[in-house]
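Hello,

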Amino acid sequence: MINLKEKVGKFENIIILRHLRPDFDALGSQIGLKEVLSTNFPDKKIYVTGDTNKFSFIGEMDEIADSLFDKSLIIVLDVAVSHLVSDERYKRAKEIIVIDHHQNKSDLTEEYIIDNNYSSCAELVASLCLKAKLTINKEAAEAFLYGIIGDTGRFLYPGVNHKTFNLVTKLLKTKANLQLVYKNMYLETLESKKMKSYFANEFSVTADNVAYLINDKTIFEKFNVDVFTISRGMVNVMSGIEGINIWVNFTFDEAKDVYLAEIRSRDVSSLDVAKKYGGGGHLQACGASLKNIEEVHQMLEDLNEVARKFHAKNS
């Protein structure tokens with residue numbers, strides 16, 4: 001097991017990264033760990049870098065020189081595979097450690113903590129900090145709460161257990177403002193609410209009861225938003241429907257020339273399908289990048305097959 005306190009103690013500079021297109025968990029873990037390390041190691045210089053989005057209220061990214069990566073400890077959170085890391089300059093580092101909760105092997109380093117028994121990377125990182133007897137202040141606790149609440153769907157998704165609630169209790173003892181966290185996460189504009197209504201009326205359902213959306217580039221002529229807002233943001237307009245245990249949102253990313261597949265499921269795993277296309281994630285929340293529309297339809301048929309087997313077994 002990696003000794004986080006010991007590792008940090010050996011370096012003057014620590015750079016914390018996470019995956020591209022960050023969600024609440026990636027940013028919450030990243031900003032939370034920065035705050036913890038800054039508080040407990042005031043003589044160290046702690047940085048966070050990566051792409052930004054509308055969740056920047058959790059914390060801002062740092063602008064740092066390339067050369068700083070050569071002499072820093074790199075900590076990569078919430079991702080274990082190289083092509084999804086938020087800053088390619090990690091390749092310059094002499095030492096990298098990974099902390100992740102997804103079911104993917106790491107091709108980044110031999111030094112990692114990957115444990116999918118945690119509901120979120122934020123829960124895992126916060127737990128490691130407490131085990132190392134590092135102080136978690138109010139600001140760090142709020143960042144971790146963004147990650148935990150986001151990746152558990154307000155404690156509804158699989159993976160939540162007594163350990164999760166025990167940790168949240170400890171975080172709240174710092175006087176973390178839970179109401180502010182929820183407000184920032186879930187208060188939305190009228191335009192956003194109407195956009196969700198649009199997608200809720202647009203999705204289709206296959207004969208095998210797989211719900212799906214296929215969004216080509218014309219969708220961005222209707223809505224002036226980023227790919228993440230459509231891809232990951234709209235997938236769960238298809239959730240919570242009786243008889244539909246798998247739902248998937250395909251969104252064309254013109255910048256990368258791929259279709260982003262966000263797959264969600266209930267009572268059945270869709271992870272093997274995501275892995276077939278080079279993706280990964282959790283048993284019931286995963287994704288992949290698809291080369292073209294043909295792969296979109298192939299994946300949809302694979303999900304149909306999973307649904308058929310599940311319904312046959314449970315009918």
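Below is what was found, from the overall fold down to single residues.

First, the ground rules. This is a predicted model, so local features need pLDDT of at least 70 and side-chain atom pairs count only at pLDDT 80 or more, while totals for chains, interfaces and linings use all residues. Residues are numbered from 1 along each chain as its sequence is written, and side-chain values use heavy atoms, with hydrogens and water left out.

**Overall**

The protein has 11 helices and 11 strands. These are DSSP runs numbered from the N terminus: helices are H or I with at least four residues, strands are E with at least two. The radius of gyration is 20 Å, close to the 20 Å from the globule rule for 315 residues, so the protein is as compact as a globular protein of that length. That radius is taken over C-alpha atoms, and the rule is 2.2 Å times the number of residues to the power 0.38. Along the principal axes, the C-alpha atoms fill a box of roughly 60 × 40 × 40 Å.

Of the 315 residues, 53% count as buried. Buried means under 20% relative accessible area, exposed means over 50%, and partly exposed is in between (1.4 Å probe, protein chains only). The accessible surface comes to about 15300 Å², and 49% of it belongs to carbon and sulfur atoms. Areas come from the Shrake-Rupley method with a 1.4 Å probe.

Among contacts with a separation of 6 or more, 63% are between residues 24 or more positions apart. Contact means heavy atoms within 4.5 Å.

Charges: 39 positive and 44 negative side chains, with the centres of the two sets 5 Å apart. Lys and Arg count as positive, Asp and Glu as negative; His and the chain ends are not counted. Each charge is placed at NZ of Lys, CZ of Arg, CG of Asp or CD of Glu.

**Aromatics**

The structure holds 12 aromatic pairs. Rings of Phe, Tyr and Trp (its six-membered ring) pair if their centres lie within 6.5 Å; planes under 30 degrees apart are stacked, over 60 edge-to-face, the rest tilted. F55 and F228 have ring centres 5.7 Å apart and planes at 85°, so the pair is edge-to-face. The two are 173 residues apart: F55 sits in the loop between strand 2 (45-48) and strand 3 (73-77), F228 in helix 9 (residues 227-231). F55 is buried at 9% relative accessible area. F228 is buried too, at 11%.

L73 is in strand 3. Its relative accessibility is 0%, so L73 counts as buried. Its C-alpha atom is 4.8 Å from that of I14, 59 residues apart along the chain. Beyond four places in sequence, L73 contacts K7, V8, F11, N13, I14, I15 and E95.

N13 lies in strand 1 (residues 13-17). N13 is buried, at 5% relative accessible area. Leaving out residues up to four places away, N13 touches K45, Y47, L68, K71, S72 and L73.

**Backbone**

Most residues other than glycine have a negative phi. D267 lies in the loop between strand 9 (258-265) and helix 10 (271-276). D267 is exposed, at 56% relative accessible area.

Best regards
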